[in-house]
Amino acid sequence: MKKIYTCIICPRSCELEADILPDGQVSVSGNGCPRGAEWIRNELSDPKRTIASSVLVEGGEKEIVSVRLSSPVPLRMIFPIMDEIRKVSVTAPVSIGDIIIRDVLSSGADVIATSSVLAKKE
Amino acid sequence: MENRGIVVIGAGPTGLAAAVKLRRLGAEDVLVIERENETGGILRQCIHDGFGLERFGKSISGPEYAALLKSEAEELDIECLTGTSVLEISKDRTITAASPSGVVEIHAEAIIAAAGCRERSRGSIMIPGERPAGVYTAGTAQAYMNLYNRMPGRNAVILGSGDIGLIMARRLTLEGAKVSAVFELQDHPNGLERNIVQCLDDYSIPLYLSHTVTEIHGKDRIEGVTVSAVDGNLKPIEGTEKYYPCDTLILSVGLIPDNTILENAGVEIDPVTNGAVVDEHLMTSVPGIFSAGNMLHVHDLADFASAEAEAAAENAFLYASGKLDTGRNLSVVPGEGVSHTVPGRITGHGPFTVSLRVRKKERGKTVEVRQGGKILGYRFFPLVIPSQMISVDAEAAAGCENVEVIVR
């Protein structure tokens, strides 16, 4: 089975043709560099993504703090991870880079704060 | 009236990068004026990652990019007037601004205008129908969710395939809303392929090209939209109407700079980009007023806007020291296949780089910078697409003939 993909590794946007053979092997053409071939093999077996969201803050100058994953996780884990993110809240102050959830769902990625929220002044 | 050195208007990825560069070059008096109460500009609400690969060598989110720039500015003791809106700039570089302490007047030796751009709204694309609540630009929906913790709605339709619209399709989906579809008037997506894959395909959100919203329905809150296919001239095709129920319509239909302030200062404006016409030093038609970033022309990446800011800073610094060669005045004209160029004119004194967007997607094309029969520079591209800004280096132009940029 042949499928056409646009490589999203860099802005060059190579059009890749992946030929998926009956034994599961994948032959790739059209890639301008080796990263394209590697990307498509990952993409076909277990694509990885990062996501951003926000977490509730108690006692802060703002209601929420923005968060993201520290490294890509398998796409299939995104919704379960969102459920975990929705469950937590943090108490101000929060600093950029703070780990909000360590190794979320054993994915190897942390949920980290990407902005700072000061404590609300009395 | 206060006399200051170089004043930067806007504290986003362009303005802060310009200010930091100015101080590093040795400029002693640098003042940044920012309308919002915090620095960072649009980066503050762009919580997705993909920023910083060029400037910081790693993929980070918008707020992190803003924080890194802010700490660079703080280390260099850069003064920033926040909560201050520029009302007027005069031809002699006197800035009138509304600040928390009242109206201030500042005279600058040089100005870098870096106030970013605005989103096209429903008014700019004239969608017929009723005027209910629930119609947002993508950036407004993004601010609601990422800054103020408010869901814009539960069942959205997105018009336009700009990057922020695609990013919001994913964000809404992850937060539990349904996104029925994204409709794009053109026959090609407007956003990065990377975002089509990661924001739509991953979540099975369909993208319909050559389609547009032809009517908005709903009395108080939007209840649905009529969508039609369009022909080659972008006109809706009768009989193709389809109704989509929704409680939210998100518009991601393009960005455009608002340069009223520069226009009032007498700066010549490019009717295509709506930004200032600048020379290769990024100086506008009013000496000492420079422009960069999305206020000059809409960029694809914040990193590129920051890089352009550094070039503007170098030249503004030279100008303020009386060392900038302003030279002659040759026009750079977009020719066959080119929608616009920056710069729009050049001094002819040295080599220069042209940034441009092409009119249509084409394969295996060369972009040429020509003056009469002479080729000043060219570059081959395996693929050119309108949604990607490209650049070509060129050698100095001689004489007084205009320079033309073409795709061939």
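Okay, let's start with P343(B), which sits in the loop between β21 and β22 (345-346) of chain B. When I say strand or helix, I mean a DSSP run, numbered from the N terminus: helices are H or I with at least four residues, strands are E with at least two.

Quick housekeeping. This is a predicted model, where local features need pLDDT of at least 70, side-chain atom pairs count only at pLDDT 80 or more, and totals for chains, interfaces and linings use all residues. Residues are numbered from 1 along each chain as its sequence is written, while chains are lettered from A and ligands numbered from 1 in the order in which they are written.

Back to our proline. What kind of peptide bond joins V342(B) and P343(B)? A cis one, with omega about 5°. Chain A has a cis bond too, between A92(A) and P93(A), and omega there is about 5°. P93(A) is found in the loop between β8 (89-91) and β9 (99-101) of chain A.

Now look at β21(B), residues 338-342. Four of its five residues are buried, and buried means 20 or more other C-beta atoms within 10 Å of the residue's own; exposed is 12 or fewer, partly exposed is in between, and the C-beta atoms are placed from the backbone. β21(B) pairs with β23 (residues 352-358) of chain B, antiparallel, over four bridges. Pairing here needs at least two bridges found by DSSP between two strands.

Last topic: positive phi. D103(A) isn't a glycine, yet its phi is positive, about 45°. You'll find D103(A) in the loop between β9 and β10 (111-113) of chain A. Is D103(A) buried or exposed? Exposed, because it has 12 C-beta neighbours inside 10 Å.

S204(B) isn't a glycine either, and its phi is positive, near 55°. S204(B) is in the loop between α6 (193-200) and β13 (207-209) of chain B. With 8 C-beta neighbours inside 10 Å, S204(B) counts as exposed.
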